Amino acid sequence: MNKKEVISIFRQMPSSILFKCAGSPDIYASEYFEKCFGIIDLETSERSLFTFFDQSSKEEIAVGDDPFSLIESGLEVNGYFRLQTSSRTMNCFVDGNVVTTTTDDWIVLYIKTDITGLLDLSQKESKINQHITFNQLLTNFSSKLINANVNELDSIIDQALAAFGAFCDVDRCYLFEFNDDGVLMSNTHEWVAAGVIPYINKLQNIPIDTMPFFMSHITNGLFKVDDVSALPESASLEKTSFEEQRIFSLLCVRIMVDGTMYGFIGCDIIGAPYSWKAFDIEYLRRIGEMLGNTLQNLHNRKALQKMQIELLDANKQLERLANIDGLTGLANRRLFDATIKSDMERSKQNDIPISLLLIDVDYFKQYNDYYGHVAGDNVLKRVAETLSNSCLGNDDLVARYGGEEFAIILPNTDSDALECIAARILRNVSQLSIAHEKSNIKDILTVSIGMACFNSRQSTKHNSVEKEHYNATSFIEDVDSALYRAKNSGRNCATF
């Protein structure tokens, strides 16, 4: 049996396989494999066009450690990989061995994808098992979201997107949020599969009117595209954007909060068209509803907090005048000084952490000199509102510390949660997109943040003074030094 005959036999096998002759760089695929991966007319290909990734680390597996090389060196291969071809990328189970013919040894990889797995089971059994697994996944994240505080929300959303993306074997899964005016949208959370290029940093502050076809559909609840190339002429703007990201299929559902569209959750298929199934839409909608319910609860808490402040203003007007900053409506320096002392004492007594942020508007003097003091006051108001919206803990205190500086006291907040809050503030201020032509770092307004966290249970010392003698003044000195380091590090950043 000659080489051409062997290739013909392997090509016609009713299994999804890749195969090559030992010692040759050429890789061949069965027709069944081509069907699963959406490949058309693949005769032979160099090994570089078939890339294996580790599913957990997302790292590319180097030549020499890939399944072909391992089997050729006499080792066994039997495990999960993510396989990237010229058409698309999918999770798969790879099992391989050596097949000896009269003339050559052939290395054969049996590739079992989720699609081929569905073909191996009865349709009814497969759908039942898949539905049970998804409900277990959804229940897990629902319980986390119910018990989560606002500082944990970003992390849980990231975990939910990753779990959903891996479960449904898509290439990218993401959350977009609209700004308060509803004219811009930003990609706030993104998960990508191994080998897929992330786009979150490029998809910020996108004008909604640049995607009219998409918006006309998503406002009704769903945007589903099986094949981007088939989009109508009226979707030319969207089609260009999708093609730049190599998106062939995408599915998005809206997220509603307080009766208005908060944003949308979506997923993409890269490299080849895909016909979205009914269960794909159902699963994504349920994830969107779960996130919408959580965001609605946070919105209600924020509204309740605002109502409580308004009631306090009405009943204690004199106290308000003494403790509230007249320009921004935040707590003033007097209330901050009193609160940080009492919160520090409570932290020591109850052995709970407390965190402190000091925020400075970058190059504010230059902004004032160029745009005028009225514009400068408006900027301080907008930054103050953004800081308040970024911190929703019932005991958090956002204060105007002085001039263009703000301070935030965060009781019962550890260093990990503190970093998440600081990152959210940097992102939210940037998303205001306030022009600042005189800034030395960006053409929009930014802030620098100093961070400090105190935990009486830790055994560290401050300036050789025992923790029990560490007071509010020491705490403020620490965060002030951290702010100084942030400015020296180039600004528009947060530093301990």
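A residue is called buried when its relative accessible area is under 20%, exposed when that area is over 50%, and partly exposed in between. Keep this in mind as we walk through the structure, which is a predicted model.

Let's begin with strand β7. Arg 172, Tyr 174, Phe 176 and Phe 178 point one way from this strand, while Cys 173, Leu 175 and Glu 177 point the other way, and all are buried. In a regular strand, side chains alternate between the two faces of the sheet. Strand β7 is mostly covered, with seven of its seven residues buried.

Now look at what lies around β7. It belongs to an open sheet of six strands, ordered β9-β8-β7-β12-β11-β10, with antiparallel pairing. The edges of this sheet are β9 (206–207) and β10 (222–225), each of which pairs on one side only. Helix α6 (residues 153–168) packs on the sheet and touches β7, β8 and β12 (260–270), and its direction makes about 60° with that of β8. What holds neighbouring strands together? Strands of a sheet pair through backbone hydrogen bonds, either parallel or antiparallel.

You can follow β7's pairing on either side. Strand β7 (residues 172–178) is joined to the antiparallel strand β8 (residues 184–192) by seven bridges. Within this pair, Tyr 174 has Glu 190 of β8 as its bridge partner, and Arg 172 stands opposite Val 192 in β8. The hairpin formed by β7 and β8 has five residues between the strands, and there Gly 182 takes a positive phi near 70°. With β12, β7 pairs in the antiparallel sense over six bridges. Here Arg 172 stands opposite Asp 268 in β12.

Moving along the sheet, we come to β11. This strand is largely enclosed by the rest of the structure, because eight of its eleven residues are buried. Lys 224 has Leu 251 of β11 as its bridge partner.

Is Ser 249 buried or exposed? Ser 249 counts as buried because its relative accessible area is 0%, and the cut-off for buried is under 20%. A polar atom of the Ser 249 side chain lies 2.4 Å from the backbone oxygen of Asp 226. The side chain of Ser 249 also reaches the backbone nitrogen of Tyr 274 at 2.7 Å. Leaving aside residues up to four places away in sequence, Ser 249 touches several others, among them Val 225, Cys 267, Pro 273 and Trp 276.

Next, let's visit a helix. Helix α15 (residues 472–488) has 17 residues and reaches 24 Å from its first C-alpha to its last, close to the 24 Å expected. At its start, a side-chain oxygen of Asn 471 reaches to within 3.1 Å of the backbone nitrogen of Thr 473. The buried residues of α15 include Phe 475, Ile 476, Val 479 and Leu 483. An α-helix has 3.6 residues a turn, so residues three or four places apart point the same way. The buried residues of α15 pack against several elements, including α11 (333–350), β13 (354–361) and β16 (447–454). Just after the helix, Gly 490 takes a positive phi of about 110°.

For a contrast in setting, find Ala 423 in helix α14 (residues 415–431). Ala 423 counts as partly exposed because its relative accessibility is 43%. Ala 423 and Ala 494 are 71 residues apart in sequence, and their C-alpha atoms are 7.4 Å apart in space.

Finally, a word on confidence. The protein chain averages a pLDDT of 84, and 86% of the residues score at least 70. Confidence is highest in β13, at a mean of 96, and lowest in helix α4 (residues 114–120), at 44. Over residues 115–125 pLDDT stays under 50, as it does over residues 459–465. Where pLDDT is low, the predicted coordinates should not be read in detail.

Methods:
Residues are numbered from 1 along each chain as its sequence is written. This is a predicted model: local features need pLDDT of at least 70, side-chain atom pairs count only at pLDDT 80 or more; totals for chains, interfaces and linings use all residues. Side-chain values use heavy atoms; hydrogens and water are left out. Helices (H or I, at least four residues) and strands (E, at least two) are DSSP runs, numbered from the N terminus. The expected span of a helix is 1.5 Å times one less than its number of residues. Buried means under 20% relative accessible area, exposed over 50%, partly exposed in between (1.4 Å probe, protein chains only). Contact means heavy atoms within 4.5 Å. A polar contact is a pair of N or O atoms within 3.5 Å; within protein, one must be able to donate a hydrogen and the other to accept it, and residues adjacent in sequence count only if both atoms are side-chain atoms. Two strands pair if DSSP finds at least two bridges between them. Axes are lines fitted to C-alpha atoms, for helices over the stretch in contact, and angles run from 0 to 180 degrees between N-to-C directions. pLDDT is the predictor's confidence in each residue, from 0 to 100.
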